[in-house]
Amino acid sequence: MQTSTLGRKPRMAVHKFASCDGCQLTFLNMGETLLQLADMVELVHFAEAGPVAPDAEVDIAFIEGSVTTEHDLQRIKQIRSNSGFIVAFGACATAGGIQALRNFADAGEWLSAVYAKPEYIDSLATSTPMSDHIKIDLEIWGCPPNKDQVLGAIRAWLYGTLPEQAQDKVCMECKRQQAVCVLVAKGMPCMGPVTQTGCGALCPSFGRGCYSCYGPAEALNTASLAGWFEGLGLLPEEITRHFRHISNSAPEFRDAAANIISTDADHGH
Amino acid sequence: MVTNKRTVALHVPVLARVEGEGALHLRIRDGQIEDLHLEIYEPPRLFEKFLEGRSYEELPELVARICGICPVAYQMSAINAVESLSGTDPGPWVQAMRRLMYYGEWIQSHALHIHLLAAPDFFGYDSAITMAKDYPQIVRRGMRLQGLGNALIRLLGARSVHPVGIKVGGFHRAPSMQEATALKVQLEDALQDAQDLVAWVAGIAVPDRDQDVTLLSLEEPGDYPILNGKIASNRGQSFAVSDFEKHIVEHQVAESTALFSLFNDQPYLVGPLARLNLNLDTLPESVRTLAVKTGIDWPSGNMFHSMAARAIEICYGITDAIRILEDYGEPDTASVPVKPPAGVGYGATEAPRGLLWHRYELDEDGLIRNARIVPPTSQNQARIERDLQHSLMAFGLDKPDKELQLHCEQVIRNFDPCISCATHFLRLSTERL
């Protein structure tokens, strides 16, 4: 494993960009496991947990959050050159996060509305995922990602492999749990058919539709699902909001929303 | 009178063990504090703008993403605002379950703060991880309590960060009798841990920094405040949640563009110490006795007693959660229908860090026209800077830089600032030197 290759404990960093801190909590909520993790790796930088060394060279870095400022752009390049293996984790780091909704609006106008002196704010017009700017070695999706995904990634990396990525859709997880399909049986709009699994199909198991906090699945058919939603009586703007949610700027969802808007315009609404 | 004439320029670029990213600037010239401010440099995420045009039904999912540490608080304040607009009373089952879930967040957030953020300083460690090597039982007890809080959130929310069980009008799903009973047993088993925690925290020697502080918290008749009620102060004033903007004025400070929240022209404190000071007499007898046994003379104006206040609130949360679960029964339905009319709704609840106030204007289709959210950390910011001034003078400006920095960080951590929350709403300044 890495320790024997390196001849020392691997050094690890957790960096934060624009985010809610929820992904870092995946670590802070581990309890006993966090202490065990600290035995396996040397936590060099993890400001919320204590150690501060943002410019340190590390073997593995976890990145939470999206790029939203000029300063972020500089930081992320520095982190890339300082880090052996980079994991972007969470919806912000992998897809720009919910704050990427600014990508569909006039962000300058938004800043003026929220801040009395917008010129003091260092903010880009867009919120973008890490992979738009640097090479990312592994992405873990989810808002928030779960503990098993994060630990699985670290364990696999320690042994010099990549973790298996679940590419199933939430629907498959519902089937495995023998949960009642909320879309078919209850007529609730559910994003499960186009969303990657990993959460454990929590929303359908609580009798509600999935809102795709884990982002788009592979080989998905967004147009078909939009058609289903239309059949349930949802207006085009309501269907659009389902795609423009947590993972709004993931290409598959961004395009799905754009298609609904342009089709709606063609119909003369 | 300080006679030391050296000039100190202390800049802590990344504050460790606070939620989110902040920095501190301190300039001492000729033995006087020339400049001191807490800089919040997290990039803005512009929540207030992108809530516009979304449906009130989407609020629980959207506002949760403001803060991964207190998503339940954001969900509850938002729901509270919508239900107050529609005049909905979701009934006693929903109210009790909301309390229960909210206790989970208090327990989780407070246990995290005490053990992972605040305590290591007092024992000379840079993190809970290093502290655990010498104090394994203490840190593990803290993590168990944190885990219990998370389990309580999961009971009603499926997961503890960005839970999915809450909706306007109630819950998507009611816990089964079996789940409720299992959790009650866990809570009963943890009560001793929580009581021991209070005694342990009370035994930590803290500086004597008593001040006359203006306090604000909700006031719920007969209950320790969390979900409802008016906003009350220790200055004999109370006002309705909908009148918040009449009483809380954002004040622009000279040579800075930061706006501070002021009440009666004064900085004020929200959070566990404010809540406990104002509502001690509503605590159950067993918890009140425990609070008295700490030897702290309540009400306390010493911010260093915040850690004890958090421990007492953990104990209260567990105690009251057991009471709620003793009477648990599965309801016919876990929510009531809500159809808010066009208008403005106001909601406030007690987040782990204090009063969290929301205002939404909805149109006739239930879409949000505009939103305003005032989180506890931006309300506390003026108080944090005032407290830093006071505490540093008492500590002695002639101390070595390293000690000054550590003391400043301890003072800031007493407030458990959540910069991730504050940044999205604060009208902040970034000084470019």
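Which residues of chain B does the UniProt annotation "binding site" cover? Select B:Cys67, B:Cys70 and B:Cys418: these come from an unreviewed entry, in the numbering used here, with feature names shortened and annotations that may be inferred rather than shown by experiment. They are spread over 352 residues of sequence, yet they cluster in space, with a largest C-alpha distance of 9.3 Å.

Before going on, some housekeeping. This is a predicted model, where local features need pLDDT of at least 70, side-chain atom pairs count only at pLDDT 80 or more, and totals for chains, interfaces and linings use all residues. Residues are numbered from 1 along each chain as its sequence is written, while chains are lettered from A and ligands numbered from 1 in the order in which they are written.

Now zoom in on B:Cys67, in the loop between α2 (59-64) and α3 of chain B; helices (H or I, at least four residues) and strands (E, at least two) are DSSP runs, numbered from the N terminus. B:Cys67 is buried because 31 other C-beta atoms lie within 10 Å (buried takes 20 or more such atoms within 10 Å, exposed 12 or fewer, partly exposed in between, with C-beta atoms placed from the backbone). Jump to B:Cys418, in the loop between α13 (401-414) and α14 (419-423) of chain B. B:Cys418 has 31 C-beta neighbours inside 10 Å, so it counts as buried too.

Next, select residues 71-86 of chain B, which make up helix α3. From first C-alpha to last, its 16 residues reach 23 Å, close to the 22 Å expected at 1.5 Å a residue (that is, 1.5 Å times one less than the number of residues). Colour by burial and you'll find 15 of the 16 buried. Just after α3(B), check B:Gly87, which takes a positive phi of about 70°.

What does α3(B) pack against? Show side chains for B:Val72, B:Ala73 and B:Met76 in α3(B), which meet B:Arg98, B:Met101, B:Tyr102 and B:Glu105 in α4(B); contact means C-beta atoms, placed from the backbone, within 7 Å.

Finally, zoom out to all of chain B, with its 14 helices and 13 strands. Of its 433 residues, 54% count as buried.

Technical notes: Two residues are in contact if their C-beta atoms, placed from the backbone, lie within 7 Å.
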